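Reader: I keep meeting labels for helices and strands. Please take me through how such labels are reached.

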Amino acid sequence: MLEINNLIYSVGNFTLGPISLTLEKGEYLALFGPSGSGKSLFLELISGIRTVQSGTILFDGNEITYTPPQKRPVAMLFQDFALFPHMSVIDNITFPLKMRGYTADEKRKRADELGGYLSIDHLMNRSVEGLSGGEKQRVALARAIACDPAILLLDEPLSALDQELREEAIALLTLVKSSSRAIIHVTHNRDEIQELATRTQYFKS
Amino acid sequence: MFLGGVILLFLIAPLVGMFISVKSPELFSTLTDNAVRSSILRTLLISALATIAASLLAIPLAYLLARRTFPLKGVVEAIIDLPIVIPHSAAGIALLGFISRDSLLGSVADSFGITLVGSPIAIGLAMAFVSVPFLITSARDGFAAVPIRLERAAETLGAGQFTVFREISLPLAKRSVISGLVLMFARGMSEFGAVVIVAYHPMTTPVLIFDRFNSFGLDYARPVAAIFIVITLLIFVILRIYQKR
């Protein structure tokens with residue numbers, strides 16, 4: 001599904017790569033390594049937020065190295081969730097659907113589905129500002145999977161959570177594992193991905 | 001504290017003195033004077049239209065300055081600040097040369113039967129010239145305060161660059177953009193130096209105040225000045241309330 005070949009990216013004195021890896025449907029790849037090793041940068045390159053300087057990224061055999069982020073079959077869950085503070089929960093969740101031209105009914109239906117699936121249906125009309133850390137994560141996850149992306153990138157999804165919320169979040173991530181989706185989960189904590197990952201890879205600094 | 005009080009007194013005393021000196025019958029007759037009313041309306045309308053027209057170009061420029069680095073960016077920012085530092089009468093002279101019949105712009109307008117000098121268009125141009133830096137600066141600071149992360153997140157969720165600007169950046173910078181628009185409007189409507197050069201007639205209120213003072217003295221100009229200051233103060237108070245909300 002996803003094929004990365006000799007990917008290199010430099011910023012300042014730091015160089016990431018060359019990295020090569022492949023990821024198949026249904027795989028849950030955990031990339032762990034110390035802070036500053038370039039894990040988040042790697043996810044940004046796959047998502048298209050940053051542009052690769054050397055190397056290729058292919059999806060199902062098609063090159064997407066220079067495809068803009070909005071056209072990639074990729075969604076990302078950011079470490080700080082990156083929820084839009086001026087929008088309600090439902091507007092956050094349906095934002096990717098709005099970008100793809102879904103009708104109001106379609107958006108509502110999908111929001112209801114995700115709300116039930118992730119137990120956030122009671123939060124739909126609330127502002128995201130007053131939500132707890134665990135609620136924000138669920139909303140961010142709902143938004144990321146709203147359009148059923150083929151590849152889900154998780155940037156340190158558990159690091160901002162306390163122990164109790166972390167266990168809850170691991171249960172949540174187990175839910176979103178799917179045979180039609182590939183997931184890359186980056187973390188500096190190897191222990192948290194033991195129950196989740198089908199494959200692990202170490203990221204050296 | 002004492003020194004601060006002196007400077008505050010310096011700012012407020014002339015205004016208070018003026019309001020005390022204005023007699024009610026004079027104020028009433030000025031309020032009902034058609035020349036004054038049409039001048040105030042004209043000033044507000046032209047400044048509003050100039051603000052709206054300039055914002056279509058100024059706001060995208062502000063976004064660019066907040067988000068992009070490019071060669072000579074410092075020069076661009078210095079150019080934006082120019083209208084604040086140059087004498088406004090000098091700005092008026094420069095604008096006059098820019099829009100007169102023998103200029104490129106003036107001759108193109110003339111070919112369509114439009115004389116720019118001495119027109120509301122010239123007034124709008126002068127107002128925009130001196131006041132647009134306030135909009136650009138305020139909007140730029142607003143856009144710079146929007147976390148880039150949110151814009152990047154929007155891109156990963158399917159938003160193109162213009163959609164990111166419209167759905168994320170602009171709403172989150174709204175307060176600063178609106179403050180900038182109000183500042184530009186207020187500054188524009190108060191402009192005298194550049195406006196009086198490019199268009200003495202039709203008279204904006206600052207020009208009318210000067211004309212009355214020049215022709216008939218302080219007592220005749222004072223009521224118009226008082227009324228106009230009340231209007232500008234009202235706009236200022238509304239802006240402060242909005243900023244505090």
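Predicted model: local features only at pLDDT ≥ 70, side-chain atom pairs only at ≥ 80, totals over all residues.

Reader: Why is H12(B) called roughly antiparallel to H13(B)?

Author: Helix H12 (residues 205–216) of chain B and helix H13 (residues 218–244) of chain B pack at an angle of about 165°, and their axes are 7 Å apart. Angles over 145 degrees count as roughly antiparallel, so H12(B) is roughly antiparallel to H13(B). Their crossing is left-handed.

Reader: Which residues of H12(B) meet H13(B)?

Author: On the H12(B) side they are B:Thr205, B:Leu208, B:Ile209, B:Arg212, B:Phe213 and B:Phe216. Their counterparts in H13(B) include B:Tyr220, B:Val224 and B:Phe228. The contact residues divide into ten nonpolar, one polar and one charged.

Reader: What describes two packed helices?

Author: The angle between their axes and the distance between the axes. For helix H3 (residues 34–67) and helix H7 (residues 120–145) of chain B, the axes come within 7 Å and cross at roughly 35°. The crossing of H3(B) and H7(B) is right-handed. Their contact residues comprise 21 nonpolar, three polar and two charged.

Reader: How do you know that S1(A) and S2(A) pair?

Author: Pairing needs at least two bridges. Strand S1 (residues 2–11) and strand S2 (residues 14–23) of chain A have seven bridges, in the antiparallel sense, so by that cut-off they pair. A:Ser10 has A:Thr15 in S2(A) as its bridge partner. In the hairpin of S1(A) and S2(A), with two residues between the strands, A:Gly12 takes a positive phi near 60°.

Reader: What makes S1(A) and S4(A) a pair?

Author: The same cut-off of at least two bridges applies. S1(A) and strand S4 (residues 54–59) of chain A have five, again in the antiparallel sense, and A:Asn5 stands opposite A:Thr56 in S4(A).

Key: Residues numbered from 1 in each chain as written. Chains lettered and ligands numbered in written order. Axes fitted to C-alpha atoms, helices over the stretch in contact; angles between N-to-C directions. Helix = DSSP H or I, 4+ residues; strand = E, 2+ residues; numbered from the N terminus. Parallel < 35°, antiparallel > 145°, perpendicular 65-115°, else oblique. Left-handed = near helix turned anticlockwise from the far one by under 90°. Contact = placed C-beta atoms within 7 Å. Nonpolar A, V, L, I, M, F, W, Y, C, P; charged D, E, K, R; others polar.
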